[in-house]
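Hi everyone, thanks for making time this morning.

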Amino acid sequence: RNIIKMININILKNCYQSLEAKFDECEEYVKTWLSYQVLWDIQPKNIYDRLGDDMEKWQQLMNELKAGRKTFDNNETEKIFGSIVIDYSAVQSKINNKYDAWHKEIMNKFALQTNDGMKNFYRVISEARNHLENNSLENSSTDIVAFITEIQTVKNNLKAWQNDMDKYKNSKKILDRQRFHFPPDFTNMDQMESEWSKFKQI
């Protein structure tokens, strides 16, 4: 009897442990849905203030937003854990709509940041190129010391400018992949790359 009683207790204990493990698994899954409550709680300005003008952080956020859709962007409406069924159809459409609105708003802000940065970058590079083209050591009116100093300054900025160029190209690719509708006044990347190429040749 004692052996039978011990076996029954062990079986019962294993059952409870299995149930607890399954409940924990369910709880963790439900947390992924509850985490989307932040879409209603957070203010866009708080995000923009935190990101500032850091293009790499903006790019990271845009990539995370795209990846974040995978949790709810599917045709399924329930998740089964053994005999436990979690029906999330009621919240799925609400989160989907809210997420779309958030994504669109943040993408528009990201595009604005990118376009402003590209315009400024294009202006700086164009001015530097034109200035170098209009001045030369052969020109008698050129201040040789000032000209050489300027060339050295340009060389010192070259690496940072190359990094900026790469960031803007990456930002443009992110916007393309996320199907952003570019306005007519958005800076033309081909034109910017052409200007950058001319500048580097000088």
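**From one arginine to the whole chain**

Let's begin with Arg 177, which counts as partly exposed, at 47% relative accessibility. Before I go further, please keep in mind that this is a predicted model. Arg 177 sits in helix 6, which covers residues 144–177.

Let's zoom out for a moment. How many helices and strands does the protein chain have? There are seven helices and two strands, and reading from the N terminus the order is α-α-α-α-β-β-α-α-α.

Now for the overall dimensions. The radius of gyration is 29 Å, whereas a compact globule of 202 residues would come out near 17 Å. The C-alpha trace spans about 110 × 40 × 25 Å along its principal axes. Of the 202 residues, 30% are buried.

Back to helix 6, where we also find Lys 155. Is Lys 155 buried or exposed? It is exposed, because its relative accessibility is 55% and the cut-off for exposed is over 50%. If you like distances, Lys 155 and His 103 are 52 residues apart in sequence, and their C-alpha atoms lie 39 Å apart in space.

Next, salt bridges. The whole structure has seven of them, and I'll show you some.

Lys 169 pairs with Glu 193, with 3.3 Å between the closest N and O atoms. Lys 169 belongs to helix 6 and Glu 193 to helix 7 (residues 189–201), so this pair ties together parts that are 24 residues apart in sequence. Lys 169 is partly exposed at 30% relative accessibility, and Glu 193 is partly exposed at 30% too.

Other pairs stay within a helix. Asp 49 bridges to Lys 45, with the closest N and O atoms 2.7 Å apart. These two are four residues apart in helix 3 (residues 44–51), so about one helical turn separates them. Asp 49 is partly exposed at 48%, while Lys 45 is exposed at 54%.

In helix 1, Glu 28 and Lys 31 are three residues apart, again about one helical turn. They form a salt bridge with a closest N to O distance of 3.3 Å.

Helix 1, residues 2–34, also holds Tyr 16, which is exposed with a relative accessible area of 52%. Tyr 16 forms a nonpolar surface patch with Leu 12, Leu 19 and Phe 23, and together they have about 440 Å² of accessible area.

That's my tour, and I'm happy to take questions!

Notes
Residues numbered from 1 in each chain as written. Predicted model: local features only at pLDDT ≥ 70, side-chain atom pairs only at ≥ 80, totals over all residues. Heavy atoms only, no water. Buried < 20%, exposed > 50% of the residue type's maximum accessible area, 1.4 Å probe, protein only. Rg over C-alpha atoms; globule rule 2.2 N^0.38 Å. Patch = residues over 30% accessible without salt bridge, like charges linked within 9 Å, V, L, I, M, F, W, Y side chains within 5 Å. Areas by Shrake-Rupley, 256 points an atom, 1.4 Å probe, with all protein chains shown as cover. Salt bridge = Lys/Arg side-chain N within 4 Å of Asp/Glu carboxyl O.
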